[in-house]
Every structure is written in structure tokens, then in C-alpha cells.
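Here's a quick walk through one model, going from its strand and helix layout to a few ring contacts and backbone angles. Keep the viewer open as you read.

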Amino acid sequence: MSNPVYLALDVPRLREGIDLAKSVKGHVGGIKLGLEFFCAHGAHGVHMIGQLGLPIFLDLKLYDIPNTVAAAMQAIHVLEPSIVTVHASGGRAMLEDAKAAAGEHTKVVGVTMLTSMDDRDLERTGIQGSAHDHVMRLAELAHDSGLDGIVCSGQEVKAVHDRWKDGFFVVPGLRPAGSAAGDQKRVVTPRQARDDGASVLVIGRPISRADDPAQAARDIEATL
């Protein structure tokens, strides 16, 4: 992948999203469309963004019984996403069925732990151990279930990459040096994540809310 940066395009108005994607098209490797975008604009919105010619990452974080997740995966075949997310904590049967139902050219990656959470948040959900331990357990489950890779923070990607050499690793919650962390708790810079083995770098607000999104994207690209 020549440019691993995927712009997180979660905007309330479709026209705004299209214009933003067009403005940074030459400086990102793909577009990530999450729940906010999908709930607001549906398959039509995904199709419109897809017409720009960039790979589409559908960050839907599917989590349900295996049959339902498989049916949902089949339903989005027509959108031809390059990447789709499921929750790794959904269990082996769900993960296996999700991968089996995905399109031939779609990578299925398991979300391990949200980058807005830390060890204390994890404990409150009843899970013992550190965030690092939890991510490593779910990474092993994703690997054993046949997924292409996982989503994890930049703080864990090196350890996961060391164990899963040919895995596909998506790292969100990235902030360029000097940027505000916002609601993210486990952050690193795009360069550090890339050096540690990240395949895709998901970046949203540092680009989308910049005064000049295209220049912000160029500046990030230059650090890689």
C-alpha cells in the first residue's frame, strides 16, 4: 500500500463528505466510513463516496449471532468494501461465519478494544487484566478464526505484529505530534504506528477539522 492513511469520513451531510473526500483524494490511501456516516447516508452514501475511486473501509463493527452477522456481511457485497470490521469479542463462530460470508476481495478485521478505553474502563466491564493482555487474547482468537487481521491501538500493534507476521493491522486513534488527544486515551503518532507494523492508519479529526484538510493530509503523508 503506497499510502496507508485512511480518512475517517464521519460527517452529517453527504455533500460535505463528498467535497472533503475530493479535496484530500490525492493524499490518502482510502476512506473509512463508520456508523455515523452509514446510519445517516446508508448504501447510497457509500456508493457515492466509492465513485471517487478510493478503497472503502466500512467500519460497521458488526456484533451479533453468527447467522445475523453473516447475513449482514452478504448484504454489503454490492458495496464492494475493501475492509469491514466485526467485534472480535463476538466469538469464534461469529468470526468464522463473518469471514466466510465476506466478498472475495474484502478483508475482515476484528475490533479488539476501542481506543477510547483504558485499563480502568476494561475493569468496569468485568474483564480482568490489562488492555495489552486483552488485545493479545482477541488477536489470537481472530487469527485462529481465519480473519485477515485486527483493529488495535498503536500501543499494541508492535506486539501483535511480532506474533502475526502476515496479519493486516488497522490502527485508529492516531494523532500527529502536537495534536489534541480528544476522546482518545491510547494514542500514538501515525509514524510510530506505521513503524510498529500498522497496515492502515485511520485518521479523522486532525484532517477533517483542519483549516486546510488537504494540507493536513499532505503533512501527515510527509511524516511517513
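## A first unit, and the ground rules

E2, helix H2 (residues 35–50) and E3 form a β-α-β unit that is right-handed; with the strands pointing away from the viewer, the path from the first strand over the helix to the second runs clockwise. The names come from DSSP runs, numbered from the N terminus: helices are H or I with at least four residues, strands are E with at least two.

This is a predicted model, where local features need pLDDT of at least 70 and side-chain atom pairs count only at pLDDT 80 or more, while totals for chains, interfaces and linings use all residues. Residues are numbered from 1 along each chain as its sequence is written, and side-chain values use heavy atoms, with hydrogens and water left out.

## The barrel

Zooming out, eight strands close into a barrel, with parallel pairing and the order E1-E2-E3-E4-E5-E6-E7-E8. On average, and ignoring direction, neighbouring strands of this sheet are turned by 25° against each other. Strands count as paired if DSSP finds at least two bridges between them.

E1 and E2 run parallel and pair over three bridges, and Ala 8 has Lys 32 as its bridge partner in E2. To get from E1 to E2, the chain goes through helix H1 (residues 14–24) in a right-handed β-α-β crossover. Next along, E2 is joined to E3 by three bridges, again parallel, and Leu 33 sits opposite Leu 58 in E3. E3 and strand E4 (residues 83–87) also pair in the parallel sense over three bridges.

Which way do the side chains of strand E2 (residues 30–33) point? Gly 30 and Lys 32 go one way, Ile 31 and Leu 33 go the other, and all are buried (under 20% relative accessible area; exposed is over 50%, partly exposed in between, with a 1.4 Å probe and protein chains only).

Helix H4 (residues 92–101) lies across E3, E4 and strand E5 (107–111), at about 165° to E4. For that angle, axes are lines fitted to C-alpha atoms, for helices over the stretch in contact, and angles run from 0 to 180 degrees between N-to-C directions; contact means heavy atoms within 4.5 Å.

## Rings

There are two aromatic pairs here. The rings are those of Phe, Tyr and Trp (its six-membered ring), and they pair if their centres lie within 6.5 Å; planes under 30 degrees apart count as stacked, over 60 as edge-to-face and the rest as tilted.

Tyr 6 and Phe 57 have ring centres 6.3 Å apart and planes at 70°, so this pair is edge-to-face. Because Tyr 6 is in strand E1 (residues 5–8) and Phe 57 in strand E3 (residues 56–62), the pair ties together parts 51 residues apart in sequence. Both Tyr 6 and Phe 57 are buried, and Phe 57 has Ile 83 as its bridge partner in E4.

Trp 164 and Phe 169 are edge-to-face too, at 5.8 Å centre to centre and 85° between the planes. Trp 164 is buried at 7% relative accessible area, and Phe 169 is buried at 0%.

Lys 107 lies over the face of Phe 168, at 5.0 Å from the ring centre (the criterion: NZ of Lys or CZ of Arg within 6 Å of the ring centre and within 35 degrees of the ring normal).

## Positive phi

Lys 61 isn't a glycine, yet has a positive phi of about 50°. Lys 61 lies in strand E3 and is partly exposed, with 25% relative accessible area.

Glu 80, also not a glycine, has a positive phi near 50°. Glu 80 is in the loop between helix H3 (66–75) and E4, and counts as exposed at 66% relative accessibility.
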